[in-house]
Amino acid sequence: MRVPGNIMQKLDLSTAASHCLTTPMDRLPLLVHDRCLSDAKDVLVKWVRASFTGGANVPKEVITMPKSRFGQRPIILSSLPSRILYQALVSGIASELEPNSRGGESWVRHEAFAEESPSEYIVEVDIAACYEFIDHERLREELVTRTLDAGYAKSITNYLEECSTNRRGLPQLTTASDILADVYLSIIERQLMRQGLEVSRYADDFFIRVDSWERANETIEYAAEYARNLGLILSYEKTRAARTLSFKKKAESQRELQKRYFDSEKERMTFFHVAGGGRYGDASLVEVLPSDVETLKASMWRVISDWQAKSGSARAHPDIEVHSESSLRQLLPLAISVLQDEKRIDNSILSNLVTAEPIRLERICRYILGRLSKTGEDEDNWKLLQSLTESGRLSPWGRLWLLHVIGELPEIDSRAFERVQRWVQSQLADRHETVRAQAAWAAATFRQLKDDQVYELLRAATPITLPGIAAAMGRKAGVLSSEGRQGGLSKALISSVTSESVLNKNAYEWGEKI
């Protein structure tokens with residue numbers, strides 16, 4: 001795509017570059033092909049300006065990540081310069097667009113809208129695969145209406161068309177796409193409000209207050225029609241009408257579950273201290289209450305213990321729905337966060353949670369990374385990684401997270417370490433280039449990246465991952481040099497990569513000194 005010179009001059013590419021270099025895509029770690037350019041912001045700004053003023057393609061790769069419940073969500077990964085351009089374009093008009101529906105306490109307010117409704121019914125509307133079906137031309141029209149800037153609107157939709165050949169869809173997991181999605185979904189929100197309805201929206205999840213069952217069903221029909229006009233469809237699994245009382249009971253049930261664990265632990269931890277020697281020599285009992293922090297941690301240990309027992313029962317009897325197991329499982333991410341710095345949670349609990357909900361792999365990986373400074377846990381970390389890498393089919397998203405963590409851990413002499421390294425070697429031949437580049441970095445960190453593998457990686461690489469592979473090459477050279485060992489890649493091969501672009505050169509030098 002080519003960005004007109006008058007638009008390019010207006011873009012704050014420096015701020016956009018700072019954002020993309022320090023803020024990973026949502027639900028992903030900061031991958032090596034981005035990390036390796038952390039010291040090259042000024043170069044990146046010049047690169048974006050030069051490339052897209054003259055006209056350049058947007059290289060991209062599609063990977064999948066698990067959804068919260070079932071199925072897989074497609075994610076478009078593009079090169080860092082491309083994402084900087086996208087961020088700058090959308091940021092340039094963001095002040096004139098829809099406020100972020102996801103910011104601050106938005107989710108709390110959204111839930112309260114349903115729980116505290118004076119109406120008898122709540123209609124819940126959810127858009128199926130919303131980001132995948134947003135129509136670029138209709139989005140462009142809305143952007144022009146909002147901003148009166150046809151140049152920005154056209155440049156943004158030109159970028160989106162580079163990412164998707166059918167003129168539909170937004171790249172997921174980016175701040176820029178969240179802003180554009182809010183703009184698009186606000187069209188439906190306005191139409192519902194023009195029907196005299198009270199509406200709350202969080203991303204693509206709508207709550208609508210209505211006073212009768214008939215009105216509730218009419219509202220679903222309205223929402224389906226408006227969505228269809230925009231090329232969207234409702235999720236029939238998540239779109240429903242329910243009495244407001246059911247939302248209140250659900251919220252009360254969740255609060256009661258948390259309160260029951262917290263209050264019972266507070267009572268259990270409360271003790272009485274015998275105070276004697278008063279004025280008349282009488283002894284008395286003084287109540288000593290635990291701090292709320294101590295109580296919260298103790299309650300979270302109970303949540304983990306009870307979930308472990310109930311999940312075992314659920315696995316033994318899969319035909320029987322264990323409602324309490326599901327309720328406790330919802331509290332587990334909170335429990336893991338609260339207990340981040342406490343004694344280590346057993347590996348079996350962590351791996352079982354990923355088996356039950358693959359999307360929780362991110363939380364487990366962050367748990368491992370948060371405990372790197374703990375002494376005596378290296379073997380446990382490698383055993384957990386072995387369990388996760390050998391657990392069965394992993395999405396590309398999951399493999400990226402595991403490879404990121406592996407690259408951060410210290411080397412140890414253990415069977416688990418060797419098994420994980422064999423898994424890393426297998427990822428060097430993965431069909432996704434982003435996975436291969438991340439595997440190259442992990443392999444180079446432990447002197448496991450071979451020369452012939454570098455040749456194969458370079459043959460199949462695009463501008464998305466070439467800097468990451470260059471960084472792995474630099475890492476391979478840097479590790480050998482730090483050990484006082486000679487060898488490594490040939491000077492000709494290194495030159496062929498570093499001389500190709502200034503980005504590759506910066507990436508190689510970054511990897512060499514890490």
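Q: Which backbone oxygen does the side chain of Asn 504 reach?
A: Look for a polar contact, meaning a pair of N or O atoms within 3.5 Å; within protein, one must be able to donate a hydrogen and the other to accept it, and residues adjacent in sequence count only if both atoms are side-chain atoms. Here the side chain of Asn 504 gets to the backbone oxygen of Val 497, at 3.3 Å. One heads-up: this is a predicted model, where local features need pLDDT of at least 70 and side-chain atom pairs count only at pLDDT 80 or more, while totals for chains, interfaces and linings use all residues. Residues are numbered from 1 along each chain as its sequence is written, and side-chain values use heavy atoms, with hydrogens and water left out.

Q: Where is Asn 504 placed, and why does Asn 504 count as buried or exposed?
A: Helices (H or I, at least four residues) and strands (E, at least two) are DSSP runs, numbered from the N terminus. Asn 504 belongs to helix H23, residues 502-513. Buried means under 20% relative accessible area, exposed over 50%, and partly exposed in between (1.4 Å probe, protein chains only). Asn 504 has 2% relative accessibility, so it counts as buried. For its contacts (heavy atoms within 4.5 Å), skip neighbours within four places in sequence and you find Leu 466, Pro 467, Ala 470, Val 497 and Thr 498.

Q: Which residues of helix H22 are buried?
A: In H22 (residues 491-498), they are Leu 493, Ile 494, Val 497 and Thr 498. Seen down the axis of H22, they fall within an arc of 120° (taken from the directions from the helix axis to the C-beta atoms), so they line one face of the helix. Exposed Lys 491 and Ala 492 sit on the face of H22 turned away from that buried side.

Q: In what order do the 4 strands of the open sheet come?
A: Strands of a sheet pair through backbone hydrogen bonds, either parallel or antiparallel. Two strands count as paired if DSSP finds at least two bridges between them. This open sheet has the order S4-S5-S3-S6, with antiparallel pairing. S4 and S6 (240-243) are at the edges with a single partner strand each, so one side of each has no neighbour in the sheet.

Q: How many bridges join S3 and S5?
A: There are 6 between S3 (residues 121-126) and S5, and Val 123 stands opposite Ile 208 in S5. S4 (residues 198-202) pairs with S5 over 5 bridges, with Tyr 202 opposite Asp 205. S4 and S5 also make a hairpin with 2 residues between them, and Ala 203 in the turn has a positive phi of about 55°. S3 and S6 pair over 4 bridges, where Glu 124 faces Arg 240 in S6.

Q: How many residues of S5 are buried?
A: In S5 (residues 205-210), 6 of its 6 residues are buried. Asp 205, Phe 207 and Arg 209 point one way, while Phe 206, Ile 208 and Val 210 point the other way.

Q: Which residues have the most contacts inside the largest nonpolar core?
A: A nonpolar core is a set of buried Ala, Val, Leu, Ile, Met, Phe, Trp, Tyr and Cys residues joined through side-chain atoms within 4.5 Å. The largest has 146 residues, and Leu 85, Ile 188, Trp 382 and Met 473 have the most contacts inside it. Helix H9 gives the most to this core, with 10 residues.
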